[in-house]
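Hi,

Here is the structure I promised to pass on. Have a look at it first, and then read my notes below.

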Amino acid sequence: MTEYDRIVRSTCPYCGVGCQLELHIQNEKIISATAPGDRAPNFGRLCVKGRFGTDYTHHKSRLTKPLIRKNLDAPERIPIGPEGFREASWEEALDMAAERIARTYKQSGGSAFGTFCCAKATNEDNYIFQKFVRSVLQTNNIDHCSRLCHAASVAGLSKALGSSAMSNSLAEMKDLEVFIVTGSNTTETHPVIGTLLKEAVVKNGAKLIVIDPRKIEMTDCATLHLQQKPGTDVALFQAMAHVIVKENLYNRDFINSRTEGFDSYSKSLDKYTPRWAEKVSAVAAKDIETAARIYAGANAAAIYWGMGISQSVHGTDNTLSIANLALLCGHLGRRGTGLNPLRGQNNVQGCSDSGGLPNVYPGYQNVSDPLIQAKYEHQWKRDLSPKPGLTILEMSDAIESGQISDYIIMGENPIMSDPHMSHTIHHFKKLKNILVIDIFLNESGEYGDIILPALSFAEKEGTFTNSDRRVQLIRPALQAPGEARADWQILQELAIRVDQKLERKNSAGFTFSSPAEIWDEMADLVPDFRGISHRRIDKESGVHWPCPSVDHPGTPYLFGETFPRGKGLFHSIDLKLESEAANKEYPYILSTGRVLYHWHGRTMTSRSDLNKIYPYGKVEMHPDDAEKEGLANRENVEVSSSRGSITVELCITDKSPRGVLFIPFHFAEAAANRLTQDLRDPVAKIPDFKISAVKIEKR
């Protein structure tokens, strides 16, 4: 029987489910992870990453000391490995970083900075980061990977409802009656949610409708699979709405009491017939009609979606068309209903909640609202900018134009995650200063000037907020590796030094001694958080926001009485087909996404034993297409777009439809984002990751 030095309760550092873990520690290493059976949201369930993927914490390549690029004055910025940096003391590294920041600020002001907070860091880390950016750098140029995953969901839901968060809790899933999964390979990207949804079908008899171009695992238990052409989501959802209106299946009472804009919206649906949608989407009209009747006919029905909906030039319209369906049928504000974007990273919800966006302070309070600005200025004792900042890709544009000269990156990896990788690298090379805070030296860090070593989830305390708005604790289970520090401590010291070099007389209040104190300041500024504290989270094992007072129980599902904007708003939508189309030279459509054994840019999982199971990238291709091209399973092929090429192993499978290839974006050695393009949703500014025209050839 294995002996453990201790067992520490924490929260999984991977996806947005927020699974509760028990970390079993021996000789300052995590040797196993289990899940407490009585704790939400996972109730004893873990996926392969949660159970076996935390071993990256003790990998030999962890950053343990501050690093400074040896040749800071080189005429060209090139990527370098550890050998290209020298070790430095914290005193030297922080002082040099502060000096370079202050110099840029004096020369060009705050608009010269582009900053990236982190969906893997804690709420407290991100609160301090955005406070540093706004109060010390005097800019709102702050963003994070939410821009690249669910920005369109945020934009669409905000327009329709006034709130962008997942509306219903994970605990409701097993009791569902009817639900739609669209644009989400749930069993691989959110495996524990996948088990809950399967349980609803198998044990509760729920009806599942899968709407996805790929034959994902969830189709095995689906009542109906609508396999649409990539990029035709709006056509499908509009046709479903057409059926619901024409057959009088909509919820009149709900529409009359809780919505606006129905009359003009319903008239706009006249032309979007199922037969029309069949021609556009390749989904049979009778299946569209069946799906509409199942969804509208349910007493309670929910919709869950992933980045197949949001990572699109039409992402905001996709989201609005889904929201229209829920408003039509009154499937909001009750258990087992709702609009539920499945958030990707472990704390992407919390990073947004904590102010990691260019247009809002913590709690989604608009930076241009004079009353909100005054509140934050009073708390931070510093004048603040009312001008919304730049998004991730707009910051990249601003490098090209000469506005931005400095990047400050906490725990993100833009070179791997941004579209059109060669374009991103071109912009990195043009920067004057790059400061990185991270636990490993990743592809973006290799371009850095100063690298500051941070703590992983297993070495610090704080909170993560999962996909259903549940705020949960992480607890230190391991000692810090070498001289690594918590992100909030690094940022707090950096803020003090920059202020000193700029000879500012008043402090913005960087005097925190613990993450609990940081949370308390944020909760005081954010009405929805005021009833939540670290002590309460510890006692109750998590609290759902909104929770406006200490006697409030928290809110597992939203919109029971009203919407944040008052009434839900219907939006008339016109079909747009603006994605890159297949053509004679590039006859296939490429879609990108995740696989079960890896996460995002693979910074963590490539340093875990999980990498042995799935060590390199693959491209999925339908058997008929492979036969037409004369390609064999497992041979190396070259996949190319007008932007670049990669070599990857071929996997012949009917999981992807004819004419469509799929490549996971985790692998730097076969980086899918060398092929993708920087075509953006006009509202959300999210790139069109899911549709790129490509060709495939033998190597």
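Cysteine 351 is buried, because its relative accessible area is 0%. Keep in mind that this is a predicted model, so treat everything here as computed.

The cut-off is 2.5 Å between the two sulfur atoms. Cysteine 118 is buried as well, with a relative accessibility of 5%. For cysteine 118, the closest cysteine sulfur is the one in cysteine 351, and the 6.9 Å between them is also too far for a bond. In case the term is new to you: a disulfide is a covalent bond that links the sulfur atoms of two cysteines. With that cut-off, the count of disulfides is zero.

Now to the sheet. Seven strands make up an open sheet with mixed pairing, and the order is β5-β4-β18-β17-β16-β6-β7. At its edges are β5 (85–87) and β7 (142–143); each has a single partner strand, so one side of each has no neighbour in the sheet. As a reminder, strands in a sheet pair through backbone hydrogen bonds, and they do so either parallel or antiparallel.

What does β18 pair with in the antiparallel sense? That is strand β4 (residues 67–69), over two bridges. Here isoleucine 68 sits opposite isoleucine 450 of β18. With strand β17 (residues 433–438), β18 pairs in the parallel sense, over four bridges. On that side, leucine 435 is opposite isoleucine 450, and aspartate 438 is opposite proline 453.

Isoleucine 31 belongs to strand β3 (residues 29–34). Is isoleucine 31 buried or partly exposed? It counts as partly exposed, because its relative accessibility is 39%.

Cheers

Methods:
Residues numbered from 1 in each chain as written. Predicted model: local features only at pLDDT ≥ 70, side-chain atom pairs only at ≥ 80, totals over all residues. Heavy atoms only, no water. Buried < 20%, exposed > 50% of the residue type's maximum accessible area, 1.4 Å probe, protein only. Pairing = 2+ DSSP bridges.
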